[in-house]
Amino acid sequence: MAGIKSLAKDTAIYGLSSIIGRFLNWCLVPLYTQMFPAQEYGVVTYVYSAVALALIILTYGMETGFFRFANHDRYKDPMEVYSTGLISLGVSSTAFVALMLAFIGPVSAALHAPDHHIYIALMIVTVALDAFTALPFSYLRYAKRPLRFASLRLVNIALNIGLNLFFILICPWLWENAPGWIAWFYDPDFGIGYIFLANFISSAVNLLLLIPELTGFRWRFNPALWREMLAYSAPLLVLGIAGIMNQTLGTLLMPMLYADKAQAINDVGIYGANYKIAIVMVMFIQAFRFAYEPFIFARSKEQGDDKLQSYRDAMRWFVIFAMLIFLGVMYYLDILRHFIAASYFSGLKVVPVLMIAELFFGIFFNLSLWYKLTDKTIWGMWLSLLGLAVTVVLNVWLVPLYGYMGCAWAALGCYGVMMVASYVAGRVHYPIGYNVPRLALYFFAGLALWIVGELIAIEAHPWITMALRTPLLALYVYMVLRIERVSLRSLIPSRR
């Protein structure tokens with residue numbers, strides 16, 4: 001149980017930076033949706049979908065590879081593993097920037113910004129910076145320095161948000177009232193480009209802040225180690241590409257599946273804005289992932305059933321908290337929906353589907369420990385490719401019929417298939433013995449309480465609805481505490 005407490009503590013610290021950071025970024029959505037029409041915001045959503053894919057390709061599984069080989073018995077010096085990975089990422093990121101800038105015209109056209117090469121150039125350099133700095137952040141997780149990790153993340157996010165507010169709110173006001181102050185750098189026609197500029201500046205500053213993690217050791221490149229890391233991480237690269245494609249493929253395919261391309265970009269904007277409400281589940285999963293990966297590799301060295309019990313406990317509490325988050329968002333959606341402009345409310349119906357889809361992905365991530373610990377990462381590749389196939393088929397089938405709602409159902413189907421397939425394969429190759437009936441109880445009890453909350457809703461009186469739903473949320477918590485035999489007194493920290 002001590003291991004689970006440590007995991008919970010690290011998840012809380014990583015989660016603090018993730019949740020606060022995501023929440024603050026989340027607060028930008030009202031700004032974007034108020035200042036830019038859906039078609040322009042659709043371009044932002046589309047570009048960031050491509051950026052997410054590029055970031056996975058440019059890190060090519062090196063983060064997980066670092067954790068694996070830094071804990072490997074054959075390599076005694078983790079700094080050799082770290083420096084080898086850093087050099088690899090530095091070279092590949094530089095090559096990416098050179099190649100993309102050489103073909104900036106076709107790349108900009110493919111991202112629906114043919115007349116704005118500077119937008120795309122900024123994001124090319126930004127994603128390269130983020131790919132390189134991914135490994136120093138992984139090193140902080142390996143070194144069990146969650147506070148520095150969290151503080152750097154928060155500084156980066158605060159700078160990004162501050163620059164967004166400056167460029168999108170303050171500068172237009174100054175342009176109207178004192179243009180001479182900002183005429184030397186501000187162009188009112190740059191529009192959504194300032195979103196990309198703010199991201200670029202914050203990523204560049206992030207690199208400077210990480211200089212202590214890039215110095216103070218001897219940089220070495222071990223070709224044999226590098227080949228082993230690539231062999232281990234290559235399937236994870238395919239896994240990552242397939243995984244991010246599962247998240248973003250609907251957005252990327254929508255303009256191809258609509259007869260009206262302008263309507264497609266408009267719907268991409270609506271879908272992307274409403275996805276931001278479901279981001280609460282994504283924040284929790286991300287915080288858990290940051291803590292869980294170093295946790296499982298550290299525990300893998302132990303013997304006996306205690307190790308497996310830790311994995312079972314982690315899965316159980318993950319499902320419990322994920323369903324609690326789901327209920328919290330759905331019960332108080334009448335408040336949370338105001339984070340986007342009213343013109344985007346038509347897309348709120350995707351929120352519950354996307355949140356359950358993300359929950360399934362989180363369970364899949366929990367299950368993925370079996371192929372990482374047994375060095376059978378090829379299974380991760382096959383499982384993700386299976387999910388990608390499901391995503392393509394469902395999007396091509398459902399998007400022409402149901403628009404962006406088809407994207408949400410495709411995500412749910414994809415992650416559901418991946419989750420079930422990973423569980424079945426894991427039972428054969430690395431049986432852990434999860435208590436499936438109890439996990440199912442928590443999941444379906446949460447769904448049942450959500451349905452009850454929908455049935456008692458009074459559309460004309462949202463505050464009364466939320467008041468009626470709050471006891472249902474308390475009922476879920478009470479049920480968990482009774483089943484897990486956890487008393488409220490045990491949750492209160494002792495003063496001793």
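In this predicted model, the axes of helices α3 and α5 come within 9 Å and cross at roughly 140°. Because an angle counts as roughly antiparallel when it is over 145 degrees, α3 and α5 are described as oblique to each other. On the α3 side the contact is made by Ala54, Leu58 and Thr59, while α5 contributes Leu89, Ser92 and Phe96. Sorted by class, the contact of α3 with α5 has four nonpolar and two polar residues, and no charged residue takes part.

Helix α5, which spans residues 78-102, also holds glutamate 80. This glutamate is buried yet has no salt bridge, and the nearest side chain of opposite charge, that of arginine 220, is 4.6 Å away. When neighbours within four places in sequence are left aside, glutamate 80 is in contact with Arg220, Asn222 and Leu225.

Helix α3, for its part, covers residues 38-59, and the loop between α3 and α4 (62-70) contains tyrosine 60. Although tyrosine 60 is not a glycine, the residue has a positive phi of about 35°. With a relative accessible area of 12%, tyrosine 60 is buried, as is glutamate 80 in α5.

The table sets out the two residues discussed above.

| Residue | Place | Burial | Value |

Key. Residues are numbered from 1 along each chain as its sequence is written. This is a predicted model: local features need pLDDT of at least 70, side-chain atom pairs count only at pLDDT 80 or more; totals for chains, interfaces and linings use all residues. Side-chain values use heavy atoms; hydrogens and water are left out. Helices (H or I, at least four residues) and strands (E, at least two) are DSSP runs, numbered from the N terminus. Buried means under 20% relative accessible area, exposed over 50%, partly exposed in between (1.4 Å probe, protein chains only). Lys and Arg count as positive and Asp and Glu as negative; His and the chain ends are not counted. A salt bridge is a side-chain nitrogen of Lys or Arg within 4 Å of a carboxyl oxygen of Asp or Glu. Contact means heavy atoms within 4.5 Å. Axes are lines fitted to C-alpha atoms, for helices over the stretch in contact, and angles run from 0 to 180 degrees between N-to-C directions. Angles under 35 degrees count as roughly parallel, over 145 as roughly antiparallel, 65 to 115 as roughly perpendicular and the rest as oblique. Ala, Val, Leu, Ile, Met, Phe, Trp, Tyr, Cys and Pro count as nonpolar, Asp, Glu, Lys and Arg as charged, and the others, Gly among them, as polar.
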